[in-house]
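Please open the model in a viewer and keep the sequence panel at hand. The stops below can be selected one after another.

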Amino acid sequence: MTEFLAATDLRHACELRAAHPEATLLAGGTDVMVGLNFGHRSATALLDLSRVPELREWSRDGDTITLGAGVPYTRIVAELGGALPGLARAARTIGSAQIRNRATVGGNLGTASPAGDALPPLLSARASIELASVRGTRSVPAREFFLGPGRSVLAADEIVTAVRVPVTVGEFAKLGPRNAMVIAVASVSVTLDPARRQAGCAVGSAAPTPVAAVEAEEFAAAELDRDGRRELPAPAAARFGELVARATAPIDDVRGSAGYRRHAVAVLARRTLEWAWREHRRNRGGAGR
Ligand SMILES: Cc1cc2nc3c(=O)[nH]c(=O)nc-3n(C[C@H](O)[C@H](O)[C@H](O)COP(=O)(O)OP(=O)(O)OC[C@H]3O[C@@H](n4cnc5c(N)ncnc54)[C@H](O)[C@@H]3O)c2cc1C
């Protein structure tokens with residue numbers, strides 16, 4: 001028999017989590033329930049977070065969005081397309097409308113799959129992951145959150161409460177055998193933040209965890225610095241793609257060979273940088289209009 005624990009607010013959720021560390025956290029249930037139904041996981045207790053009001057809100061403070069872990073993707077698409085375009089684009093590609101109505105970023109982080117589509121935008125934007133327990137709160141850079149497939153720094157008594165994401169220009173693209181309802185063969189997110197003189201890039205499905213492409217980021221930031229108003233030279237976009245592919249460590253599996261994935265990442269990275277660059281120029285009143 002599975003015990004069902006329903007948290008009414010964040011404090012209650014942390015108390016229940018501390019008292020029942022064996023319980024499986026349940027947000028939208030789109031990973032948990034599939035696992036239970038197919039017998040891939042078992043649960044002696046479920047701790048339902050879906051009615052915790054603090055997890056279902058987002059707010060803006062200057063150039064940072066604090067997005068509750070339990071805000072479903074449908075709302076991210078509808079409400080945050082302007083402030084967090086990379087994450088909103090990724091959210092739009094996740095599952096079907098029914099899945100997006102339930103599924104959450106907190107659940108994507110909890111599952112910690114290298115193929116989680118919300119994850120590259122968080123890494124590329126240098127977001128932080130906010131965690132809470134009865135011991136207190138802490139903040140972990142998204143780039144340091146993942147330890148391996150299905151593994152993260154989340155402690156047994158902790159809950160992801162929110163992600164804090166800088167407002168930037170952002171793009172996301174993923175490759176799969178079809179547009180929806182498949183696990184990505186590869187995905188890339190690019191972020192441009194001229195105010196902080198930063199570029200961000202992260203890749204999904206091409207290493208044991210989502211990874212940031214640091215060398216490529218430095219290359220793109222230098223291009224931005226040189227003259228962010230000009231059109232992006234084609235050789236620079238191609239070079240960026242190569243550097244992003246170099247940051248990956250893909251494997252051969254049923255969805256694609258390592259070589260195919262590396263090639264796909266280079267193409268996706270080149271395109272996402274070109275799109276983000278165009279958007280950045282449009283925001284500055286440059287070409288593209
Ligand atoms: C048909 C289908 C299509 C899908 N398509 C995609 C897709 O295209 N891209 C993609 O990335 N994923 C996809 N998924 C997987 C899933 O929808 C996502 O991983 C989603 O983000 C999970 O969110 P959830 O709220 O449903 O998580 P849940 O299933 O409730 O939980 C998932 C995991 O996270 C933990 N967890 C939940 N909330 C928290 C929290 N606040 N703090 C800490 N841990 C927590 C849970 O204990 C569990 O381990 C698909 C799933 C289905 C069934």
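Predicted model: local features only at pLDDT ≥ 70, side-chain atom pairs only at ≥ 80, totals over all residues.

Residues are numbered from 1 along each chain as its sequence is written, and side-chain values use heavy atoms, with hydrogens and water left out.

**The ligand and its shell**

The ligand is surrounded by 33 residues, and the closest are Leu25, Thr30, Asp31, Tyr73 and Thr104. Sorted by class, this shell holds 16 nonpolar, 13 polar and 4 charged residues. In this scheme Ala, Val, Leu, Ile, Met, Phe, Trp, Tyr, Cys and Pro count as nonpolar, Asp, Glu, Lys and Arg as charged, and the others, Gly among them, as polar.

Next, look at the oxygen atoms of the ligand. A backbone N or O atom of Leu25 is 2.6 Å from a ligand oxygen, and a backbone N or O atom of Val32 is 2.8 Å from a ligand oxygen. From Tyr73, a polar side-chain atom lies 2.7 Å from an oxygen atom of the ligand. Of the 990 Å² of accessible area that the ligand has on its own, the protein covers 88%; accessible areas come from the Shrake-Rupley method with a 1.4 Å probe, and for residues only the protein chains shown count as cover.

Colour by secondary structure to see which elements give two or more residues to the shell: β2 (24-26), α2 (32-37), α6 (105-111) and β10 (159-166). Helices (H or I, at least four residues) and strands (E, at least two) are DSSP runs, numbered from the N terminus. The largest share, 5 residues, comes from α6.

**Helix α1**

Move to α1, residues 10-19, where Leu10, Ala13, Cys14, Leu16 and Arg17 are buried. Here buried means under 20% relative accessible area, exposed over 50%, and partly exposed in between (1.4 Å probe, protein chains only).

The buried residues of α1 pack against β1 (3-6), β2, β3 (45-48), β6 (128-133) and β10, where contact means heavy atoms within 4.5 Å. At the start of α1, a side-chain oxygen of Asp9 comes to within 3.3 Å of the backbone nitrogen of Arg11.

Select α4, residues 85-92. This helix is largely enclosed by the rest of the structure, because 6 of its 8 residues are buried. They are Pro85, Gly86, Leu87, Ala88, Ala90 and Ala91. Their packing partners are β5 (64-68), α3 (73-80), α5 (97-102), α7 (119-124) and β11 (169-175).

Continue to Ser96, in the loop between α4 and α5. Ser96 is buried at a relative accessible area of 18%. Its side chain makes a polar contact with that of Gln98 at 3.2 Å. A polar contact is a pair of N or O atoms within 3.5 Å; within protein, one must be able to donate a hydrogen and the other to accept it, and residues adjacent in sequence count only if both atoms are side-chain atoms.

Select Pro120 in helix α7. Pro120 is buried, with a relative accessible area of 0%. Its C-alpha atom is separated by 5.5 Å from that of Ser189, 69 residues apart along the chain.

Ser205 is in the loop between β13 (198-204) and β14 (211-212) and counts as buried at 10% relative accessibility. A polar atom of the Ser205 side chain lies 2.9 Å from the backbone oxygen of Ala184.

**Two positive phi angles**

Most residues other than glycine have a negative phi. Ala112, although not a glycine, has a positive phi of about 55°. Arg197, also not a glycine, has a positive phi of about 50°. Are these residues buried or exposed? Ala112, in the loop between α6 and α7, is buried at 1% relative accessible area. Arg197, in the loop between β12 (186-193) and β13, counts as exposed at 56% relative accessibility.

Notes. Near = heavy atom within 4 Å.
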